[in-house]
Amino acid sequence: MATQIKAGTNAATADAATQLDIYRRMSLIQQNDEAARKVVRSGRLMMPYYSPRGQECIPSAVSANLNDDDQICTIYRGTHDMLAKGVPLDVLWAEMAGKVTGTCKGKGGPMHITHPASGAILTTGIVGSSMPIANGLAWAHKLDGSRRVVIAYFGDGASNIGAFHESLNLASVWKLPVIFVCQNNRYAEHTKYEAATAVDQISKRAISYTMPGVTVDGNDPLAVYAAANEAVTRARDGEGPTLIEAVTFRFFGHVFGDDDAYMDKAEKAAAMDKDPVPLFRAKLIAEGIATEEQLAEIEAKLAVDIESAVQFALSSDMPPPEELTRDVFAEEIA
Amino acid sequence: MANRSKITIIQAINEAIAQAMAADDKILVLGEDVADREGGGVVGVTRGLSTRFGDDRVRSTPIAEQAIMGAAIGAAINGYKPVAEIMLMNFTTVAMDMIVNHAAKLRYMSGGQTTVPIVIRMMTGAGIASGGQHSDFLEAWFAHTAGIKVVAPTNAADAKGLMLSAIADPDPVMFIECSRAYGNSCEVPEVGEPIPIGKASVVQEGTDVTIVSYSEIFQRAIAAAKELEKDGVSVELIDLRTIAPWDRETVIASVRKTGRAVIAHEAVRQFGVGAEIAATLQEDLWGELKAPVKRLGAPYTSVPFSQGLEPLFIVSVQQIVEAARATIGTAAAPVAMGIN
Ligand SMILES: Cc1ncc(C[n+]2csc(CCOP(=O)(O)OP(=O)(O)O)c2C)c(N)n1
Ligand SMILES: [Mg+2]
């Protein structure tokens with residue numbers, strides 16, 4: 001029987017400053033999600049909203065290993081990935097609101113946020129499609145001879161689509177500096193993981209593509225940090241791709257407004273009891289990495305930033321009508 | 001300099017890519033079997049390129065069309081200019097998400113921040129007994145998708161010039177090569193000059209009827225025009241060359257002059273490129289048309305394999321001749337024009 005190529009042998013540990021930095025990102029994501037659901041519920045903003053609540057830890061710990069010029073490809077549920085990578089709040093919110101001040105002048109919307117300066121280079125609404133393009137971005141870095149890496153984020157459901165398999169195979173054959181990060185939140189839309197996935201751990205799929213595959217607790221910042229650190233180092237050193245499966249849980253329905261009746265109530269309650277944000281917060285205090293006052297101050301500052309971004313978005317202008325036909329091609333062609 | 005008379009479309013495309021790669025090291029080639037170790041392409045279009053420019057820039061890929069297109073798109077976003085081969089146009093069907101949802105839309109959806117300057121080369125065409133899944137002209141699908149340009153050269157000189165423009169273009173360009181016509185040769189400048197995308201070529205001026213076509217069917221339009229000339233019919237021949245964005249100005253100006261138009265293409269007639277052109281002509285020239293615009297294309301079927309049927313699928317010279325005659329037959333005074 002084939003054995004899994006293990007990652008996690010030369011893992012680095014996150015020092016105190018890094019842990020605090022990870023927590024700051026997690027709190028930002030959690031509070032931002034709170035605000036987004038509130039604004040959509042109030043009817044002040046109409047957008048499809050896919051809550052990343054419960055998955056804060058994964059991109060926060062991954063991003064702690066990345067530089068500004070490393071890139072991420074994410075999906076419709078990707079506000080946590082974007083915020084963790086440093087997409088500024090005001091342009092993110094303005095894009096979610098479809099305003100001209102948004103990252104994409106309002107023409108992409110929440111499912112297609114692009115902010116190259118912070119490395120958020122692609123957000124796709126198509127399941128599985130972050131991966132083939134991540135390969136191309138990584139190919140360019142390799143040709144450039146740079147040490148930049150690309151993260152492809154995707155869900156458990158996306159590991160069943162052809163693009164996943166084509167992409168892992170090519171990345172391995174070409175030894176691309178790309179890290180495939182599967183956020184296994186146990187559901188794909190309304191379908192439970194087991195009902196649609198023929199393998200108990202997605203990381204095992206790495207065996208077929210001769211790349212390291214590892215499953216980590218996606219709610220444990222230090223475990224995610226260590227796995228990502230090793231994968232990023234391998235990629236920077238020209239040793240090729242890694243598949244990381246971070247097991248987590250989606251706290252709300254697939255999309256805002258979904259009643260989540262299909263979710264197992266006990267399973268959900270148990271997962272929410274292990275909410276990664278307060279757990280990590282308590283750990284930081286217990287271990288003396290931060291004080292209650294310090295964390296409260298960080299959180300309060302983030303709350304102010306989020307509120308100001310919401311106001312910026314809501315008070316910004318819609319794109320002017322001439323934007324309708326702009327950006328189809330470099331030159332304007334009717 | 002070697003004595004050089006005529007070269008084929010295969011050689012012309014090869015020369016164009018080599019010329020562009022020599023001038024700009026950001027240009028890459030990828031696709032199934034494109035490198036020399038794998039034979040330099042199934043018909044040899046990319047032959048010699050990996051030897052000359054290196055295996056990093058000319059890469060054979062797994063048989064994975066989504067992965068090929070994704071690699072091209074991502075590299076393009078990060079500053080490279082990939083020329084990706086999808087071996088046959090029908091195989092775009094398994095990469096439609098990458099082409100339509102991503103390559104075509106990323107400029108727009110990102111508000112102009114991420115752009116996808118790629119060329120997608122494909123061969124296709126009926127007439128070589130390849131059957132229903134290896135022969136389709138699918139240009140109308142892509143022409144209907146905002147954000148993709150579509151070109152389809154008919155001769156080697158245009159193939160070279162259009163390929164140079166396609167590579168230089170800042171947006172995705174589908175480059176359709178007709179397998180039947182690959183061996184057609186003509187005089188081609190050794191150092192290619194770009195032929196602008198979006199510009200049709202008025203290959204022959206005439207006064208009675210305009211025939212618009214592209215790709216190999218245009219060769220049939222040329223033959224039809226010779227036939228019609230024997231009857232004294234003066235044909236204006238337009239090779240569209242680019243399907244999206246198509247050269248409305250040139251076509252409209254011509255039909256304004258002749259008052260009659262026949263559009264001929266290989267793709268299925270129903271909902272084809274001919275329908276778009278015909279609709280535009282009646283919108284813009286209503287009252288100036290001397291006859292209803294004629295559209296010729298394939299019947300609404302898959303491409304048949306049998307040699308008893310396949311030739312019936314492709315628009316023939318005779319059909320073009322008859323369509324042109326029909327437009328003139330409905331004219332006010334055909335006899336006065338010396339024909340009947
Ligand atoms: C190709 C494709 N098929 C179907 C959909 C509809 N859809 C959107 S999200 C989703 C579930 C994906 O689940 P998963 O990959 O686990 O990601 P998650 O939403 O849980 O983050 C589906 C089926 C889509 N967007 N794209
Ligand atoms: Mg999921």
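## Polar and charged contacts between the chains

Across the interface of chain A and chain B in this predicted model, 17 residue pairs are in polar contact, both residues of each pair being at pLDDT 80 or more. On the side of chain A that touches chain B, the elements contributing two or more residues are β2 (120–124), α5 (130–144) and α6 (162–173) of chain A. The largest share of that side comes from α5(A), with nine residues. By residue class, the side of chain A that touches chain B consists of 20 nonpolar, twelve polar and eight charged residues.

Two salt bridges are counted between chain A and chain B. One of them joins A:D144 to B:K26, with the closest N and O atoms 3.6 Å apart.

## Extent of the interface

The contact draws 40 residues from chain A and 41 residues from chain B. Between the two chains, about 3300 Å² of area is buried, and carbon and sulfur atoms give 65% of this area.

## Architecture of chain B

The secondary structure of chain B comprises twelve helices and 14 strands. Along the principal axes, the C-alpha atoms of chain B fill a box of roughly 65 × 50 × 40 Å. The radius of gyration of chain B is 20 Å, which agrees with the value near 20 Å that a compact globule of 340 residues would have.

Of the 340 residues of chain B, 61% count as buried. Among the contacts in chain B with a separation of 6 or more, 81% are between residues 24 or more positions apart.

Definitions and conventions
Residues numbered from 1 in each chain as written. Chains lettered and ligands numbered in written order. Predicted model: local features only at pLDDT ≥ 70, side-chain atom pairs only at ≥ 80, totals over all residues. Heavy atoms only, no water. Contact = heavy atoms within 4.5 Å. Buried area = accessible area lost by both parts, 1.4 Å probe. Salt bridge = Lys/Arg side-chain N within 4 Å of Asp/Glu carboxyl O. Polar contact = N/O pair within 3.5 Å; in protein donor to acceptor, adjacent residues only side chain to side chain. Helix = DSSP H or I, 4+ residues; strand = E, 2+ residues; numbered from the N terminus. Nonpolar A, V, L, I, M, F, W, Y, C, P; charged D, E, K, R; others polar. Rg over C-alpha atoms; globule rule 2.2 N^0.38 Å. Buried < 20%, exposed > 50% of the residue type's maximum accessible area, 1.4 Å probe, protein only.
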